[in-house]
Amino acid sequence: MFNLDTLKLNSRRAAALGALAIGIAFSGSAAAAPLPLFPFVMTPPTQSAPPAQAAPSEDEGTATQLPARLKRQIVSYASREAPGTIIIDTPNTYLYYVLGGGQAIRYGIGVGREGFTWSGVQTITKKAEWPDWTPPPEMIARQPYLPRQMAGGPGNPLGARAMYLGGTIYRIHGTNAPQTIGQRVSSGCIRLTNEDVSDLYQRVTVGAKVVVLPMTAHRVSSRNGFSTH
């Protein structure tokens with residue numbers, strides 16, 4: 001005899017078995033291709049960068065980076081030259097600004113490399129602040145990759161100030177490479193830190209005498225009345 005209760009019970013069992021089969025099917029699919037837990041890469045929160053510190057100006061701190069002997073200082077200096085004269089002590093990489101009374105201001109300098117030193121007497125014929133740089137033909141011939149002209153500024157090899165020596169190609173000038181002070185690396189120009197050349201620039205007048213001592217100055221210093229120590 002047909003039993004309604006039995007039919008309902010069997011229907012419920014069939015439904016349960018079907019649901020179980022569907023669950024197993026989905027479970028197998030998930031195992032074959034698991035979904036990532038996070039669809040993105042976790043990164044720590046970005047921290048705001050500390051405020052950038054301003055770079056020091058071209059005249060700031062350069063003197064303190066030099067060895068003690070190359071720092072600008074007033075020294076005893078016996079000379080027959082008049083106050084206001086500049087004396088370049090090439091072998092010892094010093095520039096003296098004669099004050100008179102047996103004293104001078106001594107600056108550390110960079111001088112010409114081997115084969116590019118020179119000596120003699122010149123005068124300051126021109127002064128310039130943040131000068132443009134036009135490499136002379138002689139330098140272009142040796143280094144053809146150099147620019148033909150460069151506007152003045154912190155990146156210019158002549159630095160903050162320049163004082164031109166007579167009709168020569170040489171100058172007393174600043175530098176954007178203060179680490180070269182005390183070395184023999186130039187093509188004959190005399191270089192100071194930007195801080196020191198700015199100080200000297202304020203003291204020197206156009207027409208001032210400039211005495212450049214040779215590399216053998218220590219042998220003739222007593223004859224010329226110069227002290228190179």
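Two strands are taken to pair if DSSP finds at least two bridges between them, and the legends below apply this to a predicted model.

**View 1. Strand 4 and its pairing with strand 1.** In this predicted model, strand 4 spans residues 103-108 and runs antiparallel to strand 1, residues 73-76, to which it is joined by four bridges. Strand 4 is mostly covered, with five of its six residues buried.

**View 2. The hairpin of strand 3 and strand 4.** Strand 3, residues 94-100, is also antiparallel to strand 4, and six bridges join the two. Gly100 has Gln103 as its bridge partner in strand 4, and the hairpin that strand 3 and strand 4 form leaves two residues between them. Gly101, which lies in that turn, has a positive phi of about 65 degrees.

**View 3. Helix 3 and the strands packed against its buried residues.** Helix 3 is largely enclosed by the rest of the structure, because seven of its 10 residues are buried. The buried residues of helix 3 are Asn194, Asp196, Val197, Ser198, Asp199, Leu200 and Tyr201. These buried residues pack against strand 3 and strand 4, and likewise against strand 2 (86-89), strand 6 (120-129), strand 7 (161-165) and strand 8 (171-173).

View 4. Asp199 has its place in helix 3, which covers residues 194-203. With a relative accessibility of 15%, Asp199 counts as buried, because the cut-off for that class is under 20%. The side chain of Asp199 is joined to that of Arg203 by a polar contact of 2.9 Å. When neighbours within four places in sequence are left aside, Asp199 is in contact with Arg72 and Tyr107.

View 5. Rolling a probe the size of a water molecule over the atoms shows where empty space is left. Searching the whole structure finds one cavity of 30 Å³ or more, and the largest cavity holds about 40 Å³ of space. The residues that line the largest cavity are Thr90, Val111, Gly112, Phe116, Thr117, Trp118, Gly188, Ile190 and Val212. Sorted by class, this lining has five nonpolar and four polar residues, with no charged residues.

Conventions. Residues numbered from 1 in each chain as written. Predicted model: local features only at pLDDT ≥ 70, side-chain atom pairs only at ≥ 80, totals over all residues. Heavy atoms only, no water. Buried < 20%, exposed > 50% of the residue type's maximum accessible area, 1.4 Å probe, protein only. Polar contact = N/O pair within 3.5 Å; in protein donor to acceptor, adjacent residues only side chain to side chain. Contact = heavy atoms within 4.5 Å. 1 Å grid on protein atoms, 1.4 Å probe; cavity = no way out; pocket = protein on both sides within 12 Å on 5 of 7 lines; lining within 4 Å. Points joined across faces, edges and corners; volume = space filled by probe spheres on them. Nonpolar A, V, L, I, M, F, W, Y, C, P; charged D, E, K, R; others polar.
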